Amino acid sequence: MKYLLGLCAFILLFSCTSQKVNSKYSTIEYEATPCFGFCPVFKMTISADRTAVFEAEHFNFNDKPSKDEFSKPREGTFKGTIKEEDYNKLISLLDGLNVKGLNDKYGEHNITDLPTSHLRIKFADGTSKNVEDYGKRGSEKLSEVYQFMENLRKNQEWTKVK
């Protein structure tokens with residue numbers, strides 16, 4: 001009887017850990033480029049299993065940035081797993097955008113000191129959508145996604161790998 005219980009426990013445990021994540025997004029990537037100030041410069045890539053890579057260039061960790069940071073080496077590459085609650089919130093924000101219906105480009109390029117956001121989404125069906133937003137003001141819902149992604153830099157557990 002205890003062998004049967006042990007086998008059942010093993011099967012149950014194995015089935016729980018091997019479930020495939022069902023997300024319509026296979027990869028979510030967000031990149032923030034520099035401005036003429038202290039805008040954070042980074043790229044974050046999040047997979048459907050919530051694993052993430054955060055490539056920090058400049059102005060990601062210092063609350064009192066200075067121009068001297070540009071002469072310092074990049075801040076590093078970090079890995080982590082996005083908290084389930086935060087991942088679900090991100091998916092909800094993206095679902096509210098109708099990602100495939102977004103414009104490819106947003107922003108007025110007559111101003112020369114604004115950062116650009118790049119949102120790159122790969123869907124589980126093999127398609128993708130790339131959105132470039134100069135000034136990060138494409139729409140209110142897009143701005144929410146950008147802010148949420150930028151907050152992930154500070155509210156997740158990151159382990160430096162490089």
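Visitor: Why are helix 2 and helix 3 called roughly antiparallel?

Guide: In this predicted model, the axes of helix 2 (residues 84–95) and helix 3 (residues 140–155) cross at roughly 165 degrees. Angles under 35 degrees count as roughly parallel, over 145 as roughly antiparallel, 65 to 115 as roughly perpendicular and the rest as oblique. So helix 2 and helix 3 are roughly antiparallel. The axes are lines fitted to C-alpha atoms over the stretch in contact, with angles from 0 to 180 degrees between N-to-C directions.

Visitor: Which residues make the contact between helix 2 and helix 3?

Guide: Contact means heavy atoms within 4.5 Å. Helix 2 brings Asp 86, Lys 89, Leu 90, Leu 93 and Leu 94, while helix 3 brings Glu 144, Val 145, Phe 148, Met 149, Leu 152 and Asn 155. By class there are 7 nonpolar, 1 polar and 3 charged residues. Here Ala, Val, Leu, Ile, Met, Phe, Trp, Tyr, Cys and Pro count as nonpolar, Asp, Glu, Lys and Arg as charged, and the others, Gly among them, as polar.

Visitor: How do you know what is a helix or a strand?

Guide: They are DSSP runs numbered from the N terminus: helices are H or I with at least four residues, strands are E with at least two. On that basis the chain has 3 helices and 8 strands, in the order α-β-β-β-β-α-β-β-β-α-β. Residues are numbered from 1 along each chain as its sequence is written. As for the ground rules, local features need pLDDT of at least 70, side-chain atom pairs count only at pLDDT 80 or more, totals for chains, interfaces and linings use all residues, and side-chain values use heavy atoms, with hydrogens and water left out.

Visitor: What makes Asp 95 and Lys 24 a salt bridge?

Guide: The term asks for a side-chain nitrogen of Lys or Arg within 4 Å of a carboxyl oxygen of Asp or Glu. For Asp 95 and Lys 24 the closest N and O atoms are 3.2 Å apart, so the pair passes. Asp 95 lies in helix 2 and Lys 24 in the loop between helix 1 (2–17) and strand 1 (25–32), so the bridge ties together parts that are 71 residues apart in sequence. The structure holds 8 salt bridges.

Visitor: What about Lys 105 and Glu 132?

Guide: Their N to O distance is 3.9 Å, and they meet in a salt bridge too. Lys 105 sits in strand 5 and Glu 132 in strand 7, 27 residues apart.

Visitor: Why is Lys 105 called exposed, and Glu 132 partly exposed?

Guide: Buried means under 20% relative accessible area, exposed over 50%, and partly exposed in between (1.4 Å probe, protein chains only). Lys 105 is at 58%, so it counts as exposed. Glu 132 has 22%, so it is partly exposed.

Visitor: Why is Asp 133 called buried?

Guide: Asp 133, in strand 7, has 0% relative accessibility, so it counts as buried. Leaving aside neighbours within four places in sequence, its contacts include Tyr 106, Pro 115, Leu 142 and Tyr 146. Across the 162 residues of the chain, 40% count as buried.
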